[in-house]
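This report describes selected local features of one structure.

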Amino acid sequence: MRDVILSLSLRSIRIHFLRSVLAALGIVIGVVAISSMGMMGANMTLSVTEELSSMANNLVVRAYTGGAGFGGGPGGSGASGGGDEFITESEFREITKIAEKYGLVYGVQSESDRIEVGDRKGRATVYGLDDKVIPSIFSLSEGTFPKSTSSVVIGPTLASRYSLKTGSRIDIGDPDKGGTTTVRVVGILEERGMSMDVNSDSAIIANQKLFNGIYGREGEYNQVNVILSDINDTQKVKSAILEKMNRKEETVTIQDSSRMLESITSTLSTMTTFVMAIAGISLLVAATSIFNVMMMSVTERVREIGIMRSIGTQKSEIRKMFIYESVILGVIGATIGAILSLAIGWVVVLAMVGSTDYFFSPPSLVYIPSAMLVGIVICVISGVYPAWRASSLDPIEALRAE
Amino acid sequence: MVEKRLIELVEVTRVYPLPSGDVVALDRVSLTIHEGEFVAIMGPSGSGKSTLLNQLGCLDRPTSGDLFIRGKNTREMNDRELTGLRLNTIGYIFQRFNLIPLLTAYENVEYPYLMKHREPDYTGRVDSLLGMVGIDPPMAAHKPPELSGGQQQRVAIARALVNDPALILCDEPTGNLDSVTGRQIMEMLAELHRKGRTILMVTHDAEVAGFAERTIVMKDGRVI
Ligand SMILES: Nc1ncnc2c1ncn2[C@@H]1O[C@H](COP(=O)(O)OP(=O)(O)OP(=O)(O)O)[C@@H](O)[C@H]1O
Ligand SMILES: [Mg+2]
């Protein structure tokens, strides 16, 4: 049947076109805000996951520090002495023996130290790695890998912060405490991003001889990394190392990237939820404007409501008329919002994530219909009270209105 | 001929409670209207004529007393049923015409039909009623604000008749019209009465009341 109530709602919207457009605009903005924030979060998660899983074949073995020094009962054999935070040369060899058939095993030494470039002072992490390992885990953007005990390669962030080029010199160390060592930059690494094995972007990478020359600490590794050839070996290698090394007491802990991946994605999802909640406030504002417009519509149409009621229109039909009106505003606003979300979401994702590779993937696009739904539901809710008000008007009073 | 009771008021009182004191708009009014009657209600301003008509039209409920429509006590009906009564049994014609401004003349007449039958009028009833009251199809496509008072009242009469009501209530139907147009409208009502409709009409105008067969006079909320 032709729904006369629906057509009354439509005509009311058409007559108050500008007012309706403004009300729907609130919903448009709310839907765009929520969906583009959601899409930004989804795209960020997807691209970080992708980036991290490319290095998910990493195992990082560190010395166990958990219960050290506390009343741990059986652990207090005294064997661990003062080298608690380090993996020793013999432990490193044992780990190598277990893991070398599954991939590349290498020890990492690191210190955070004072550096000086020209007259600029600062701090940086200095890594000591085996000569042969450096070329196999890093790529150069310029220069060569270090060959002598006075040359280093540096990360791109450090290079740009201190305007370092190949050939530049860096003084490492504090002149007041043990003096400084001058090294020459022979190469600059490509950006590697966040990683859990070696954070090279703002670090100095030296070979082991140079590192030990500065800091001593021969055979004391901060961590031992295993790059597995096959990611499916992760658990096998991990438990083999743990079983061997921790037989008598806890000596090592192993971190694999899957845990880190989990914690990063959960952080990202918390962040996304938070940003979306802020965007949600814009929908609340939209709800207020819809509510306002609906109340105006009711007030303006009091007499019309009185007429309709007096000639036999049920309260439920009156309610329907106003609910229709708010639903129509919601659907129009949410639809326009959804279309704009594609464009604005794209721009936001491009600006914030830097890549739109995942823009059209389901986990990203799903935010558009979700935000639409939220927008429409908010409209309906905002229309409930005005509709109820309209339907409970006294017909005689309403007829008297001007 | 056995007269059937269409409406019966028994001791109906309507009190408006106001801060300045209660206003007794209807004071124990008892009244019976039979089917086929044409009754005029007269009386000075503020005597309770509109209040009485609103009671008869089920737009309002008595403070005390009972209103029976075809033997059924309206006190026992809920809002839904009373609204249904207004849709199906009562046709209302107002002094201010009270057409829905968003709808065309045709749609205004069709509106109660749609509410009742839940489908458009395929029977041609709306067209024939509009023809009867002298509204031609081009005029029926206009919205109420584009019509003259007389034209609007004709549309309102057609609307009041569309669901074939047992009772037609008019509150000063000619009050906003010039005397010539008023007379045309009255002739239309008289014609409806001749065809057997029950009509109750509030008026100030003795000449208008002359069209009715019975006149009830009110004063201070009572029938005298
Ligand atoms: N909603 C209301 N609230 C308070 N008092 C009211 C209300 N409606 C009517 N009254 C009072 O009830 C009395 C009867 O009013 P009513 O409208 O029935 O008179 P009427 O006979 O139709 O007058 P008129 O010829 O001027 O239309 C008046 O004293 C009026 O002030
Ligand atoms: Mg009156």
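Phe359(A) has a relative accessibility of 0% and counts as buried. Phe360(A), in contrast, is exposed, with a relative accessible area of 56%. The model that holds these residues is predicted. A search of the whole structure finds 8 aromatic pairs over all chains. Phe359(A) and Phe360(A) form an aromatic pair, and the pair is edge-to-face. In chain B, the planes of Tyr92(B) and Phe94(B) lie at 5°, so this pair is stacked. Tyr92(B) is buried at 4% relative accessibility, and Phe94(B) is buried at 7%. A pair of aromatic rings is described by the distance of the centres and the angle of the planes. The table gives these values for the two pairs.

| Pair | Centre to centre | Angle between planes | Arrangement |
|---|---|---|---|
| Phe359(A) and Phe360(A) | 5.0 Å | 85° | edge-to-face |
| Tyr92(B) and Phe94(B) | 4.5 Å | 5° | stacked |

Phe291(A), Tyr385(A) and Trp388(A) form one aromatic cluster.

Helix packing comes next. In chain A, helix 1 (residues 4-15) packs against helix 10 (residues 315-352) at an angle of about 50°, with the axes 8 Å apart. This angle makes helix 1 of chain A oblique to helix 10 of chain A. Their crossing is right-handed. On the side of helix 1 of chain A, the residues in contact are Ile5(A), Leu6(A), Leu8(A), Ser9(A), Leu10(A), Ser12(A) and Ile13(A). They meet residues of helix 10 of chain A, including Met321(A), Tyr324(A), Ile328(A) and Leu329(A). By class, the contact of these two helices has 9 nonpolar, 2 polar and 3 charged residues.

In chain B, the axes of helix 6 (residues 149-161) and helix 7 (residues 179-194) come within 10 Å and cross at roughly 15°. Angles under 35 degrees count as roughly parallel, and helix 6 of chain B is therefore roughly parallel to helix 7 of chain B. The crossing of these two helices is right-handed. Helix 6 of chain B brings Gly150(B), Gln153(B), Arg154(B), Ile157(B) and Leu161(B) into contact with residues of helix 7 of chain B, among them Ile185(B), Met188(B) and Leu192(B). The contact has 5 nonpolar, 4 polar and 1 charged residues by class. An α-helix has 3.6 residues a turn, so residues three or four places apart point the same way.

Among the buried residues are Lys49(B), Leu52(B) and Leu56(B). Cys58(B), which follows helix 1 of chain B, has a positive phi near 60°. In helix 6 (residues 208-215) of chain A, the buried residues are Gln208(A), Leu210(A), Phe211(A), Asn212(A) and Tyr215(A). Gly216(A) follows this helix, and its phi is positive, near 75°.

Which other residues have a positive phi although they are not glycines? Most residues other than glycine have a negative phi, and most peptide bonds are trans. Arg28(B) has a positive phi of about 45°. Arg28(B) is in strand 2 (residues 23-34) of chain B and is partly exposed at 43% relative accessibility. Phe97(B) has a positive phi of about 65°. Phe97(B) is found in the loop between strand 6 (90-93) and helix 3 (105-117) of chain B, and with a relative accessible area of 8% Phe97(B) is buried.

Methods
Residues numbered from 1 in each chain as written. Chains lettered and ligands numbered in written order. Predicted model: local features only at pLDDT ≥ 70, side-chain atom pairs only at ≥ 80, totals over all residues. Heavy atoms only, no water. Axes fitted to C-alpha atoms, helices over the stretch in contact; angles between N-to-C directions. Helix = DSSP H or I, 4+ residues; strand = E, 2+ residues; numbered from the N terminus. Parallel < 35°, antiparallel > 145°, perpendicular 65-115°, else oblique. Left-handed = near helix turned anticlockwise from the far one by under 90°. Contact = heavy atoms within 4.5 Å. Nonpolar A, V, L, I, M, F, W, Y, C, P; charged D, E, K, R; others polar. Buried < 20%, exposed > 50% of the residue type's maximum accessible area, 1.4 Å probe, protein only. Phe/Tyr/Trp six-rings, centres within 6.5 Å; stacked < 30°, edge-to-face > 60°.
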